[in-house]
Amino acid sequence: MLSVGCRVVRGPDWVWGEQDGGEGHCGTLFQVGRPGSKQSPDKTVVVIWDTGRETNYRVGYNNAYDLRLLDNAPAGVKHPNIICDSCKRSQGIVGMRFKCCSCFDFDLCFHCYMSDKHDLNHIFQRFDTPHSVGVELTARKGSTKLNYYGTFIGAKVVRGSHWEWNDQDGGEGKTGRVLDVRGWDNETGRSVVNVTWTSGFSNIYRMGHKGRVDLTCVEPALGGTYYCDHLPVLGRDMEVYENRGEGVSSHLTFSVGDKVKVVVDVDTLRRLQEGHGGWNPRMVECVGATGQVHRVTDRGDIRVCYDGNMRWTLNPAALAKLHSFSVNDVVMVDYDVIRVKHLQKGHGEWIDPMVSILGKLGKVTKIYSDGDLRVTVDGQTWTLNPLSVQLWAGSTAELENIMESHPSSTAQDADSTSTSRLAKLIT
Ligand SMILES: [Zn+2]
Ligand SMILES: [Zn+2]
């Protein structure tokens with residue numbers, strides 16, 4: 001499972017010295033490589049280490065694996081119907097799930113498994129996502145156990161790669177302390193941290209949420225311990241699919257009528273189809289195409305209808321749901337200029353002044369029959385690919401208030417409005 005936001009540590013083929021800050025230091029996956037890219041080709045990923053360095057690594061490239069997945073909760077993975085039998089968090093397990101092979105119906109979350117809850121002689125199966133096949137591990141007793149470090153409680157931080165919060169930190173170079181690591185609503189887990197700056201101001205910042213990293217750690221803190229061999233090797237032991245964040249969501253339940261897309265490559269799809277409706281060479285045609293869910297089977301596979309009345313039963317792990325929008329929805333335009341440029345091809349096209357609307361809030365004024373959106377941002381209207389925007393999670397009425405209370409604001413003012421809005425929302 002290659003998703004932006006995943007927290008990683010160095011893996012079996014690591015040959016990159018102390019780029020990560022030392023063994024056990026954490027980083028965040030913030031870009032998944034794609035075929036044809038020179039900077040970050042297929043089977044590589046880009047990681048921002050908590051200590052600040054940003055580099056790409058092999059996740060199958062030349063058959064080498066540089067990374068292990070430490071935690072996929074920040075990428076939004078959860079098992080909502082499975083409660084950890086140790087910490088009993090009622091919203092279900094976030095991140096990887098560990099199921100005891102000796103006891104009846106006994107599950108642990110990542111934290112409880114790694115902090116030695118339950119009998120250390122019992123063997124567990126690891127489920128990376130709700131759709132994964134369980135991987136049998138060895139007993140924890142006798143396995144190598146390491147510490148992990150990074151932007152955890154007590155760490156000293158400064159503003160980092162994706163900082164866009166003006167001088168909330170008191171100015172560039174000012175330090176803060178991490179008070180807490182938590183999730184962002186129900187969307188992602190262990191993905192944001194609460195920081196108090198030397199000025200006394202505190203707020204929540206992204207450490208993995210949507211693949212964003214707001215902070216660099218100048219004094220890493222101990223996060224916990226992990227059984228290194230019990231973690232998946234990134235790109236090897238796990239289902240490979242991409243979740244590029246905004247616009248496309250995975251790990252969601254699918255309902256009849258949902259618009260969906262196959263978001264894995266052909267080889268991966270073929271593999272995922274085993275035991276989930278099977279493989280047919282004509283399925284190649286549906287990779288990347290938009291289809292509609294017309295039935296969910298008893299075992300949770302998805303029947304999808306494509307143009308020309310083609311229907312396939314597909315593994316939900318291969319699918320992502322496309323958000324559907326309504327007129328008057330408040331949306332946030334994607335931050336990533338490269339991604340938006342790419343998405344706009346054939347969907348309203350890209351023109352350079354659009355740089356000014358990236359990361360901003362706008363309102364949907366019209367939906368075209370092909371799904372493209374007319375969106376008003378700062379008084380100007382644009383045609384956007386629905387994948388270039390994300391439905392804004394706040395209440396629409398509340399946001400209307402905010403947007404209308406600054407009717408004549410300049411672009412810069414509007415920017416600080418949406419920024420302070422963001423800061424307020426995530427408090
Ligand atoms: Zn637990
Ligand atoms: Zn047990």
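Q: Which residues does His79 touch, not counting residues up to four places away in sequence?
A: Heads-up: this is a predicted model, where local features need pLDDT of at least 70, side-chain atom pairs count only at pLDDT 80 or more, and totals for chains, interfaces and linings use all residues. Residues are numbered from 1 along each chain as its sequence is written, while chains are lettered from A and ligands numbered from 1 in the order in which they are written. Two residues are in contact if their C-beta atoms, placed from the backbone, lie within 7 Å. For His79, that gives Gly92, Ile93, Arg97 and Pro130.

Q: Is His79 buried or exposed?
A: A residue is buried with 20 or more other C-beta atoms within 10 Å of its own, exposed with 12 or fewer, and partly exposed in between, with C-beta atoms placed from the backbone. His79 has 20 others within 10 Å, so His79 is buried.

Q: How far apart in space are His79 and Pro130, C-alpha to C-alpha?
A: In sequence, 51 residues separate the two. In space, their C-alpha atoms are apart by 5.8 Å.

Q: Which side chains of strand 29 point to the buried face?
A: Strands are DSSP runs (E, at least two residues), numbered from the N terminus. In strand 29 (residues 373-377) the side chains alternate.

Q: Which residue of strand 30 stands opposite Val375?
A: Strands pair if DSSP finds at least two bridges between them. Strand 29 and strand 30 (residues 380-384) run antiparallel, with five bridges. Across from Val375 you'll find Trp382.

How values were computed. Helix = DSSP H or I, 4+ residues; strand = E, 2+ residues; numbered from the N terminus.
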